[in-house]
Number of protein chains: 2
Amino acid sequence: MNPYLLSNEELTMKLREVGELRYHDKHPYHVRMHEGKLSPEQLRAWVANRFYYQKNIPVKDALILSKLPSKEERRKWIQRIMDHDGTAEHEGGIEAWIRLGEAVGIPREEMLDERHVLPAVRFAVDAYVNFCRLQPWLIAVASSLTEMFAPVLISHRIAIFEQLYPWIKPEGLEYFKARLHQAPRDADHGLELVLRECKDRSDQDQAIAALHFKCDVLWAMLDALLMAYPIAEDER
Amino acid sequence: MNPYLLSNEELTMKLREVGELRYHDKHPYHVRMHEGKLSPEQLRAWVANRFYYQKNIPVKDALILSKLPSKEERRKWIQRIMDHDGTAEHEGGIEAWIRLGEAVGIPREEMLDERHVLPAVRFAVDAYVNFCRLQPWLIAVASSLTEMFAPVLISHRIAIFEQLYPWIKPEGLEYFKARLHQAPRDADHGLELVLRECKDRSDQDQAIAALHFKCDVLWAMLDALLMAYPIAEDER
C-alpha cells in the first residue's frame, strides 16, 4: 500500500482529479444556476447561504495563519484575509458579497442577520472552519486548493450572470471579478506549499483527502439548497 | 460581591493598577537591566529568551483575529501581525529583534534554533498563546493590554541601552523605536474593545484577571532568566 512518493506532477494530477470528480460545479443546483434556470428565489437563496461561507473565509484563514511555520509564509497568507475583510483603500470580498446580495434583491440586513442560512449550510461551513482549526497546517492548506478550480468556473459565472440573469444589477458581480486574479495567486501559493511540504506518501494522501473533504463541504451546501428550494418536477 | 458595573474610568484605573503592581519593569532582572548592571551574558540571555515571546506574537494575534466579531475589528487587529511579520516594504518586528540579537552578539542562527530558550520561558510563552487560543476573544484582547504600559518603559529602555550599554550596536534598537508608535495605537484599540464589550462586572473582572495573567507570563520569563543567570551575591 502507498508504495511510493508521488512526483509533483503526479500529486498535482491527483488533486485535479478530485476537482474533476467532486467540485461543486457538477452539483445539480449549480448546473441549473449556470444554465440560467434558477428562479430569482433560488438564486437569492444561493447568494444568502453562500454568504455564510464567505464570511467565514477570513476566520479559517486566520486559523491557518496562526499555524504556518514562518513569517515568510504568513506574509503571503495574510493577503487572503485582507482580500476578504478589506483595508482602508479596498472594501474587500465580504462587503462585495453583501453588494451581490443587494444586486439580487436581498437587503443588507437580511444578509447580516443570517436569517436565510440553512442549518445544513451552517454545519458544513462550521465543519470546514473546524477542520482548519484542528488539522495540521499542511492539511488545512490542502483543503483550500479548490481555488485551483475556481477561476475557470468564475469566469464562466460572470458571463452567465450577465447574459442569463439580466435582472441582477451589474455592480453585484465585482466579487467574482476580483476573484479572477486573487484565486489563481492563492491557488499557486497553496499548491506550492503542499508540493513542497508533503514529505511522504501519507502526507500526500492526506492532502488529497483534505481536498476531497473540502469538495464535500461545498457539495453539502448545495444539497441543502436543493432540499429547501427544489427543482420543479417537470424540469428534472 | 461584584455589586456594580465599573465605569470606563474605574475599569481603566483598575487595569492600570495591575500594571503598577505586576508589570515586569519591577522584576529584579529587569530593574538591573535598566540600571545598566546586566553583564553582556545576562543581556544576551534576555534578548535570546525574549525572542521566543516575540516570534509568538503573530501566532497569538492570528488566533485572536480568528475570533474577532467583525471584519471591521479584524481590519485593525491584522496590523499587529504585519508589524511583526513585516511586508514587502517593511521588514517587521521579528526581523528587527533578530538584528537586536546580532547587535548584542548573538548570531542569527542561534536566535532561530532556540538553543538559548529556557524551558520555563517556553512554558510561559506557550501558556500565553494557549490562553489566546482557548479564551473568548474579549478576554484574550484584555491580556494584550500590557501594551498600555509598554511605551513609557520602552522610551526609557532606548535611552538606557544607548547610555549604559554602549557596546550594543545602535542599529539593534530599531525594534524599540518602532514600538514607540505601534504600542500606543495597539493599546488604544485593545482598551477601546475591552471598555466597549465588557457588558457586566463579571466580564470586567475577567478582563482584569487576564491582564494579571499576562503580567505573570512576562514575570515568569524573567524569573527563569534570574534562576539561570543569577545576580552575583555582592550585587544584591
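**Two copies and their interface**

Trainee: How much area is buried between chain B and chain A?
Mentor: Happy to start there, keeping in mind that this is a predicted model. Carbon and sulfur atoms give 61% of the area buried between the two chains. The area itself is about 1700 Å².

Trainee: How many residues of chain A are in contact with chain B, and do the copies meet through the same surface or different ones?
Mentor: On the chain B side, 20 residues are in contact, and they touch 20 residues of chain A. Of the interface residues of chain B, 100% are also interface residues in chain A, so the copies meet through the same surface.

Trainee: Which side chain of chain B meets A:Glu95 in a salt bridge?
Mentor: The rule finds 4 salt bridges across the interface of chain B and chain A. In the salt bridge of A:Glu95, the N to O distance is 3.8 Å, within the 4 Å cut-off. The partner is B:Lys71.

Trainee: What span does helix α9 of chain B reach from its first C-alpha to its last?
Mentor: Helix α9 of chain B, residues 150–164, has 15 residues. At 1.5 Å a residue, 21 Å is expected, and the span is close to that. The helix reaches 20 Å.

Note on methods: Residues numbered from 1 in each chain as written. Chains lettered and ligands numbered in written order. Predicted model: local features only at pLDDT ≥ 70, side-chain atom pairs only at ≥ 80, totals over all residues. Heavy atoms only, no water. Helix = DSSP H or I, 4+ residues; strand = E, 2+ residues; numbered from the N terminus. Expected span 1.5 Å × (residues − 1). Contact = heavy atoms within 4.5 Å. Buried area = accessible area lost by both parts, 1.4 Å probe.
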